[in-house]
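Here is a short report on one multi-chain model. It covers domains, a sheet, the core, an interface and confidence.

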Amino acid sequence: MSDDQSSTVGPVVIEADSIVKRFGGAVALDGVSVSVRAGEIYALVGENGAGKSTLMRILAGILAPTEGTVLVDGRPLEGGTRAALDAGIALVHQELSLVPEMTVAENIMLGAFPTRGGAISRKEMQRYAGAALEEIGVAIDLDEPVSRLSVSLRQFIEIARAVARKPRVLILDEPTATLTPAETDYLLEMLQRLARGGLAIVYISHRLPEIFAICERVTVLRDGRHIDTADIADTTPDVLVDKMVGRELKQDLGVVRESNPGDVVLSARGITAPKVRGIDLDVRAGEIVGLGGLVGAGRSELVRAMLGVDPRTGGDVTVVVDGQVRRVGSYTSAVRHGIAFVPEERRQDGLALSMSVSDNIALPNRRSISRAGVTSPARQQAFASTLADTVGLRPPNVKRDSGDYSGGNQQKVVIAKWLGLRPRVIVLDEPTRGVDVGAKAEIHRLVRELADEGTAVLVISSDLPELLDLSDVIHVVRDGQIAGTLARDEADERSVMSLAAGESMVTSS
Amino acid sequence: MSTPHGINFGEAPARTRVDQLRRTLGRRTEGRAVALLAVVLVVALVMEPLVFSAYPVTLSRVALVGLVALGLTVVILMGELDLSVASTVVLAGVMMAQTDNVALGVLLALGTGVAVGLVNAFFVVKVGINSFIATLGMLFVLKGLAIVISRSEPIPLENITFAIQFGLPIVGPLTPRIVIFVLAFVLLHLFLTRMRAGREFYAVGGNRQAARDAGIPVDRRLVTGFVMCSVIAAGAGAIDTLERTAADPTAGSTVLLSSFAAAIIGGVALTGGRGSILGTLIGAFSLGTLEVGLTLTGVQVDIQQIYIGGVLLLAVMTDPASLRAARSSLRTSLHGVRARSTDRGLT
Amino acid sequence: MNQLAESPTVAAPTAAEPRADGPSIAAKALLWAAERGIVVFTVVLILASVLFVDGFASAVNVADVFHRAAPIGIVAVGMTFVVISGNYLDLSVVAQVATGAVILIGVSNSHSIPIAILVALAVSVVYGLVNGVAVGYFKANAVIVTLSTTYIGLGLLRWLSGGSIFFGPRDGTIESFGDIKLGAVPISAIVLVVVALVLGFLLSRTNFGFVVRAFGSNKEATRLSGVNTPVVVLGAFLITSFAATIAGFVLAAYSNTAVSSMSDGYDFGALAAIIIGGTSVFGGKGSVLRTVLGVVFVSVLTNVLVLSGVGFGWQQVAIGSLIVLAVSVDALARKVSKK
């Protein structure tokens with residue numbers, strides 16, 4: 001954004017020229033062109049399914065375009081991943097692409113092990129990998145297997161791998177999704193430093209503030225089509241969102257819900273588990289309790305241990321069922337007592353993607369749909385259709401495999417399957433991560449409606465505006481403990497972050 | 001530890017020797033295999049010390065089961081399976097007996113191995129079907145071919161003098177089979193730990209998409225792995241045939257299961273990317289010593305099977321991950337019962 | 001296995017429908033063959049055999065086909081539960097079938113038939129429990145677990161039976177049961193049909209079957225839906241064990257003899273029928289009907305080969321090729337329809 005940055009922008013390094021990509025009959029990209037210059041950070045934005053990831057994969061040679069060409073320095077890029085790597089294009093994936101049982105050094109040098117006389121040269125490997133880590137300013141034991149490292153550290157190793165190849169183009173797909181705000185700041189700073197060194201960077205993110213902080217230009221994709229390319233200086237977040245969504249978005253921020261909390265329904269005392277160090281927590285009927293904190297602070301671990309999804313080492317959890325206090329000893333008992341859980345990894349843990357939406361919705365409700373253990377397809381169909389309508393599934397075809405739907409719609413299915421049980425408590429872990437803007441608003445509406453009907457709601461979110469917007473009260477978790485509790489009127493981004501990061505971090509934000 | 005930028009990143013690099021050693025050991029996968037071997041050796045020492053003086057027998061027993069297991073390990077490390085190894089052993093043996101020239105026979109046998117590996121790899125890599133099924137199909141096909149070619153009868157080798165010679169020790173107690181086994185072990189160990197291609201097998205098994213994205217020629221590695229496995233199995237078939245002085249088309253029924261057992265006990269994970277050739281060697285040693293020990297104590301073959309099955313079952317069930325899983329699922333079930341009974345009591 | 005991660009986000013159905021050109025004819029044919037092919041292929045094979053193979057349609061031959069298909073068919077129908085639950089297979093059926101047969105005949109001789117049946121069923125429960133607890137509760141790999149129980153089971157059986165052949169009781173109850181026929185249909189085939197109907201209903205139309213299929217599709221999502229998943233796996237193994245023991249009874253009644261080696265090859269043989277029927281070894285997809293079709297197809301084909309003078313070796317080659325072919329068609333269909 002500042003003048004000295006734009007002055008370092010050099011010639012076009014990589015260019016996508018009228019790219020069309022079809023999968024079977026479906027058109028993923030329809031004549032998209034972008035060109036990125038050396039020293040520039042270039043943003044790609046769009047809702048899920050807009051074609052960002054497909055374009056990124058085409059730029060990196062993983063997919064071949066159906067029509068159109070990718071040009072590097074004006075020459076067409078052909079020959080898949082290998083050619084793209086040779087041309088200096090490095091990709092940092094959204095899904096972590098590390099080999100868990102290999103060491104840090106091996107992962108950084110993956111595919112480019114230095115050899116001497118046919119054998120791997122350990123010394124060279126250590127040297128190169130160490131240099132790459134140094135370049136991004138991260139210190140870690142090179143011989144540690146990656147499986148033992150935290151998720152955010154893995155993200156940095158991923159970047160170190162890209163940097164180790166001395167790339168000319170660096171493509172990052174949602175690199176901050178798993179990072180804490182401090183780590184995010186660090187990453188953004190690092191990217192700016194790399195760009196100043198002449199690297200062309202393609203940056204894909206849902207988080208508009210990041211884009212406005214570091215990018216020079218932005219391209220908006222929608223439904224596989226190129227909608228607009230603009231200089232960041234000439235646009236605003238609101239304009240971008242309108243272009244991404246392509247319709248007037250009902251602004252849901254700032255809607256204050258009339259909350260009317262009742263009695264405590266879910267109560268946890270002294271919960272301990274790996275990464276959780278003695279937490280007490282109450283959730284009342286009709287109340288939305290938010291759990292804030294940095295990624296890795298132990299929020300997911302806390303709720304998973306509370307519900308018995310993962311084993312807990314200590315503590316007690318009770319739920320009030322029709323006036324009776326019941327212990328939650330295991331996850332199955334939690335579900336039986338009317339606790340619903342929407343997990344963080346929706347594709348892996350939330351849905352059976354190869355089963356129909358109808359089957360997925362029926363799964364927790366099978367007892368009420370069946371008679372004497374015998375299922376009825378017609379009854380199941382009707383049951384699932386009603387719930388799919390309630391959550392606004394689009395298209396509302398419950399016979400389709402749930403894997404055919406976009407992330408936002410899949411999340412609606414996960415919520416729908418619990419609605420049939422009329423849960424007393426619903427726990428949502430990052431309910432809108434990677435979900436497009438439209439679906440996000442609908443999911444927020446559903447959560448509010450549940451609370452209005454008297455359901456006790458517990459939400460984990462790393463998306464601060466979402467957390468502030470939804471929660472009646474926010475507990476901030478730091479280092480496996482509750483660092484502080486903020487009522488709706490005292491909570492803002494600053495107060496949550498300072499609690500989340502602890503004293504030492506307040507100055508840096 | 002803290003970087004200059006104030007972000008908290010994982011553990012510090014190991015500073016002391018002891019620290020380093022502890023970490024290195026923590027990263028090994030052969031732990032349980034070593035423990036089992038130790039138990040077997042100690043029990044043998046107490047119950048039947050003869051096992052140690054009969055080490056040539058043990059060695060050849062280990063080499064018998066172990067050779068195929070070494071090849072199988074390579075495929076399992078890549079996250080694939082080869083159920084056709086036993087049939088490959090048999091077919092290669094039959095092919096070898098088709099000629100009276102031993103050298104030509106060995107070449108035929110190894111050639112069969114190469115062909116089998118290529119066919120397996122073709123279905124896995126090109127057609128894109130799971131290796132479990134592709135090699136299950138090949139299990140039937142190769143067995144069938146062995147029966148067709150041999151007309152269901154054992155084929156004696158023409159050059160019987162060489163075959164008899166082959167079964168005798170060449171250096172000390174070392175028969176050619178043992179020497180070949182040791183050679184195969186050393187070469188594979190070096191290949192998988194020191195060579196670029198071998199090390200990349202772990203990436204293929206540990207995270208295939210990552211390997212592809214990093215530019216590793218995954219398909220080529222898979223072909224290499226399947227061919228290596230089949231060639232080793234074929235080599236084992238040739239050795240069997242030489243030692244028996246005949247090719248037996250109905251032999252080898254336990255080869256698949258026991259070589260599997262050796263790799264699994266050795267800590268090779270069926271999910272791929274985790275384990276080592278050394279582990280398989282130790283696994284094969286444990287099983288071999290157990291079998292020989294039991295035989296020497298006069299235990300019937302049938303009862304030996306019970307022991308081996310028990311050891312294998314114990315090995316998978318005492319895996320730390322298995323124990324954790326068992327604890328949490330038992331808790332679930334117990335709470336389920338308790339919760340249900342209180343529900344009933346109240347309603 | 002990582003195909004999901006590979007598939008692009010384009011899968012949003014709104015984008016897919018309006019501009020779809022539809023898959024090519026070849027892709028459609030492959031998809032059809034993968035989905036429904038087994039029904040047609042089985043019917044065509046039977047028709048062609050009746051018309052062109054001498055002696056196929058004779059009563060004696062038909063009864064023989066049924067006799068051969070029934071025991072392994074019963075095993076395969078039971079094992080379908082383990083396969084669909086995403087646990088590959090139960091290798092120990094070999095030991096279980098033989099154990100069932102040996103106990104039926106052996107204990108009938110020394111005690112009585114009802115006691116024999118009870119003992120055999122009790123043993124099958126033990127098998128189901130050991131396999132099911134190790135795989136379901138300890139999350140151990142099913143291939144290794146059932147391999148271990150095969151070793152243990154066959155070892156015990158051979159040791160206790162001394163590997164000898166048992167002949168049925170003199171009063172001939174078992175033998176006459178084995179000889180019952182409805183027209184050309186022997187009792188063994190009737191047992192297969194009954195077992196298939198019961199287990200088919202269990203798999204496709206009950207909550208238990210539903211959770212077995214769901215578990216095979218996605219283990220963690222099923223658990224997080226509140227299903228007590230270890231019990232589901234245990235149930236799948238118990239059903240397989242039960243079916244294997246029934247198969248042992250049928251096998252023993254047919255010949256009125258039992259020996260520990262009588263069910264060699266039933267492990268992969270049953271799996272072959274399941275796969276050829278079109279059930280996925282990765283779990284989730286498949287049905288009992290498919291397995292029955294797979295068994296019929298393999299049995300008729302084998303019979304036709306025998307009648308045509310083709311030896312055992314080539315029969316094995318044919319079965320192996322069929323396995324690979326069945327799955328290749330499926331894989332290619334998916335590949336073509338994706339592109």
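## Domains of chain A

In this predicted model, the centres of domain 1 and domain 2 of chain A, taken over C-alpha atoms, are 33 Å apart. Domain 1 covers 3-245, and domain 2 covers 264-351 + 422-506. These bounds come from an automatic or database domain assignment.

Residues are numbered from 1 along each chain as its sequence is written, while chains are lettered from A and ligands numbered from 1 in the order in which they are written. As the model is predicted, local features need pLDDT of at least 70 and side-chain atom pairs count only at pLDDT 80 or more, whereas totals for chains, interfaces and linings use all residues.

## A sheet in chain A

Chain A holds an open sheet of 4 strands, in the order β14-β13-β16-β17, with antiparallel pairing. Helices (H or I, at least four residues) and strands (E, at least two) are DSSP runs, numbered from the N terminus. Strands pair if DSSP finds at least two bridges between them. The edge strands of chain A are β14 (276-284) and β17 (324-327); each has a single partner strand, so one side of each lacks a neighbour in the sheet. From one strand to the next, the twist averages 15°.

β13 (residues 264-273) of chain A pairs with β14(A) in the antiparallel sense over 7 bridges. V264(A) has R284(A) as its bridge partner in β14(A). Helix α10 (residues 299-307) of chain A lies across β13, β14 and β16 (314-321) of chain A. This helix runs at about 110° to β13(A). Axes are lines fitted to C-alpha atoms, for helices over the stretch in contact, and angles run from 0 to 180 degrees between N-to-C directions.

## The nonpolar core

The largest nonpolar core has 387 residues. Such a core is a set of buried Ala, Val, Leu, Ile, Met, Phe, Trp, Tyr and Cys residues joined through C-beta atoms within 7 Å. Buried means 20 or more other C-beta atoms within 10 Å of a residue's own; exposed means 12 or fewer; partly exposed lies in between; C-beta atoms are placed from the backbone. Helix α12 (residues 229-255) of chain C gives the largest share of this core, 17 residues. Domain 1 (3-245) and domain 2 (264-351 + 422-506) of chain A each supply at least three residues.

V75(C) and I323(C) have the most contacts inside the core. Contact means C-beta atoms, placed from the backbone, within 7 Å. Not counting residues up to four places away in sequence, I323(C) touches residues of chain B, including I133(B) and F140(B), and residues of chain C, including A272(C) and I276(C).

## Chain B and its contact with chain C

Chain B has 16 helices and 2 strands. Of its 347 residues, 53% are buried. The contact takes 46 residues from chain B and 46 residues from chain C. On the chain B side, α7(B) gives the most, with 14 residues.

## N207(C)

N207(C) is found in helix α10 (residues 207-217) of chain C. With 19 other C-beta atoms within 10 Å, N207(C) is partly exposed. Beyond four places in sequence, its contacts are R366(A), R367(A), S370(A), G373(A) and T375(A).

## Confidence

The model scores ipTM 0.82 and pTM 0.82. Chain C averages a pLDDT (the predictor's confidence in each residue, from 0 to 100) of 85, and 92% of the residues score at least 70. Among the elements of chain C, α12(C) has the highest mean pLDDT (94) and helix α1 (residues 3-6) the lowest (33). Over residues 1-21 of chain C, pLDDT stays under 50.

Technical notes:
Two residues are in contact if their C-beta atoms, placed from the backbone, lie within 7 Å.
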